[in-house]
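Dear colleague,

Please find the structure below, followed by notes on what was found in it.

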Amino acid sequence: MHTYWRLLSFARPIRRYAIPYFFYTLFYTIFYTFTFTLIQPILQTLFAGDSASTLVTTFPKFAFNTDFLQGAISFLIYKVFGADYDTMDVLIFLSIFVILTSLLSNLFRYLGQRTMEAMRVRALQRLRNDVFTNVMSLHAGYFSNERKGDIISKISSDVQVVQFCITNTLLVAFRDPFQIIGFMIALVVASWQLTIFSILFLPIVALVIGSIVKRLRKSATQVQERFADMVSLMDESLSGIKILKGYNAVDYTVGKFRKINALFSRISLSMAWRQQLASPVSEFLGIAAAAVLMVYGGSLVLSGDLQASTFIMYLAIFTQITRPLRSFTDAFANINQGIAAGERVLALLDEKSEITDAPDAVEMTGLKHEIEFRDVRFSYDNKEVIRGVSFKIKKGETVALVGPSGGGKSTLSDLIPRFYDVQGGQILIDGVDIRKYTLESLRRYMGLVSQETILFNDTIENNLRLGKQEATEEEVRQAAIVANADGFIRETEHGYQTNIGDRGMKLSGGQRQRLSIARAVLKNPEILILDEATSALDTESEKLVQNALDALLQGRTSLVIAHRLSTIYNADRIIVIDHGQIVEQGTHHELMALHGVYARLIEMQQSSDSNNDRMN
């Protein structure tokens with residue numbers, strides 16, 4: 001029950017929906033009950049035989065019994081048709097009266113369901129927003145251990161299933177059981193023989209009616225399209241979580257998600273209102289058909305072939321019991337499914353980031369002197385990958401990290417913006433442990449350009465603005481010029497407003513990388529981290545990107561992870577990392593003179609490049 005009440009809390013403020021729903025349900029119940037309680041006195045009045053003996057010429061005194069209803073109806077007949085009325089005219093009049101009563105009851109039922117749908121959709125909208133916001137705030141390491149597809153499934157499909165706990169359960173728990181019990185008592189009292197037959201026949205009727213109702217509902221193409229947009233954004237956001245956090249763009253992405261989610265919710269609400277018309281309409285048509293059938297049944301009664309009152313009352317009640325029975329039997333599976341899905345969603349909502357601001361965290365105001373790695377240690381799943389690494393990066397200095405794959409170079413770079421926290425030692429900026437800075441201020445002064453270029457399904461301009469939302473069009477263009485990207489951007493169909501597709505797949509690898517560099521240029525970070533920024537490019541693209549990188553590195557404090565000589569040749573210092581430890585460091589010429597690990601890596605690269613040139 002704890003899960004249920006937590007899920008229901010997302011429907012706040014409950015009175016916004018409960019108060020109008022109370023009145024809609026009250027009027028629906030009055031007219032709905034009135035429709036069927038009228039049947040017996042109507043039939044008694046209709047088939048009394050001598051109309052004069054049962055004629056009521058004055059309105060009877062109110063009493064809570066069938067005699068009052070019979071007298072009131074007889075008085076109404078007298079006022080409409082006079083003392084000497086025709087039986088068929090009265091029959092048609094009463095049938096119309098029942099149809100109008102049913103119309104009113106179903107109108108209020110629809111308004112009540114419309115209110116409950118608003119409660120359901122808004123609650124799900126709030127739940128999705130809260131879950132997605134929490135997921136985007138989790139540390140980067142969380143996504144290494146969890147499947148993105150499972151996370152997306154929890155935020156999308158599981159949240160949809162939760163609706164049964166929020167709304168449908170409330171309706172089924174109170175309304176349907178009482179209706180079923182009341183109808184069954186009435187059926188047994190009317191005819192226990194017919195009731196035995198009905199118990200055998202009722203499931204078939206329920207299945208047939210359920211099939212008819214389902215066919216009335218149309219698929220909602222727009223809802224599916226908006227849902228696809230939302231899943232796409234979630235997938236991109238989770239894939240690019242490091243970039244979003246590094247550029248402090250989480251709030252921008254959450255805002256974009258909220259806009260899509262709001263549009264999806266509005267369309268869903270409109271669709272749900274149309275869907276909810278199906279059941280009231282089907283019930284109204286069923287009662288209307290039963291009312292018409294009463295005309296035929298009345299003719300049989302007049303001929304003496306059937307006892308009218310029992311048959312028509314039983315038939316009317318029987319046609320209504322299938323709806324609450326079907327709803328009630330479906331509820332148990334839906335409730336359990338909804339609670340199970342709710343537990344998964346709430347578990348994701350309860351996840352907390354391991355990377356948080358310290359209680360006494362301070363704002364970082366920029367890099368003034370140096371970045372220091374002091375005996376840094378780090379492990380993945382109890383496997384130590386960084387073993388006591390210590391070095392410094394002076395302000396304005398470019399330090400390159402090289403070494404065999406898997407040596408720990410990328411892990412070291414991930415520790416600076418606190419995608420992960422060190423498990424031993426310290427990383428200090430100007431003598432202050434970076435864990436003492438707020439995450440937002442720490443990442444404000446950092447720019448990232450990674451080997452895997454992270455771009456989003458948006459315009460070129462919006463991709464470049466990711467780290468600086470307030471940038472002017474001229475600032476965006478100047479950043480693209482510095483990154484050697486302005487030329488190809490202007491050649492695209494809509495220039496800076498061109499949509500680059502999912503993950504920027506409309507562009508080449510070199511173009512995507514230059515946009516990534518332009519994004520970093522626009523942010524103008526004091527600390528720059530380059531992670532194998534040219535490793536996946538062809539020679540021509542590498543030259544263009546390298547020129548852009550050279551412009552980007554000017555005057556910045558940079559940590560460069562690379563293995564290509566063109567990227568690291570001019571570095572102020574080169575640190576060779578192998579098996580999580582520093583094995584060599586110095587300038588390019590100093591390391592080549594050592595004839596150690598670095599020299600072997602360079603020789604291997606030059607040999608590979610020569611072979612490639614001969615093949616080309």
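Which strands form a hairpin, and how many residues lie between them? The hairpin is made by β1 and β2, with two residues between the strands, and Asp 381 in the turn has a positive phi of about 50°.

First, the conventions. This is a predicted model, in which local features need pLDDT of at least 70 and side-chain atom pairs count only at pLDDT 80 or more, while totals for chains, interfaces and linings use all residues. Residues are numbered from 1 along each chain as its sequence is written, and side-chain values use heavy atoms, with hydrogens and water left out.

Sheet

Helices (H or I, at least four residues) and strands (E, at least two) are DSSP runs, numbered from the N terminus. Two strands count as paired if DSSP finds at least two bridges between them.

Nine bridges join β1 to β2, and Glu 370 stands opposite Lys 394 in β2. Strand β1 (residues 370–380) is also joined to β4 (residues 424–429), by five antiparallel bridges. There, Ile 371 has Ile 429 as its bridge partner, and Glu 372 has Leu 428.

Helix pair

The axes of α18 (residues 473–482) and α20 (residues 509–523) come within 8 Å and cross at roughly 125°. Because of that angle, α18 is oblique to α20 (under 35 degrees counts as roughly parallel, over 145 as roughly antiparallel, 65 to 115 as roughly perpendicular, the rest as oblique). Axes are lines fitted to C-alpha atoms, for helices over the stretch in contact, and angles run from 0 to 180 degrees between N-to-C directions. The crossing of α18 and α20 is right-handed (the near helix is turned clockwise from the far one by less than a right angle).

Cavities

A search of the whole structure finds three cavities of 30 Å³ or more. A cavity is a set of points on a 1 Å grid over the protein atoms alone where a 1.4 Å probe fits but cannot get out, and lining residues have an atom within 4 Å of a point. Points are joined across faces, edges and corners, and the volume is the space filled by probe spheres set on them.

The second largest cavity has a volume of about 90 Å³. Helices α10 (221–239), α12 (250–276) and α17 (460–464) each supply at least two residues of its lining. Among the lining residues are Leu 233, Tyr 252, Phe 456 and Asn 462.

Regards

Technical notes:
1 Å grid on protein atoms, 1.4 Å probe; cavity = no way out; pocket = protein on both sides within 12 Å on 5 of 7 lines; lining within 4 Å.
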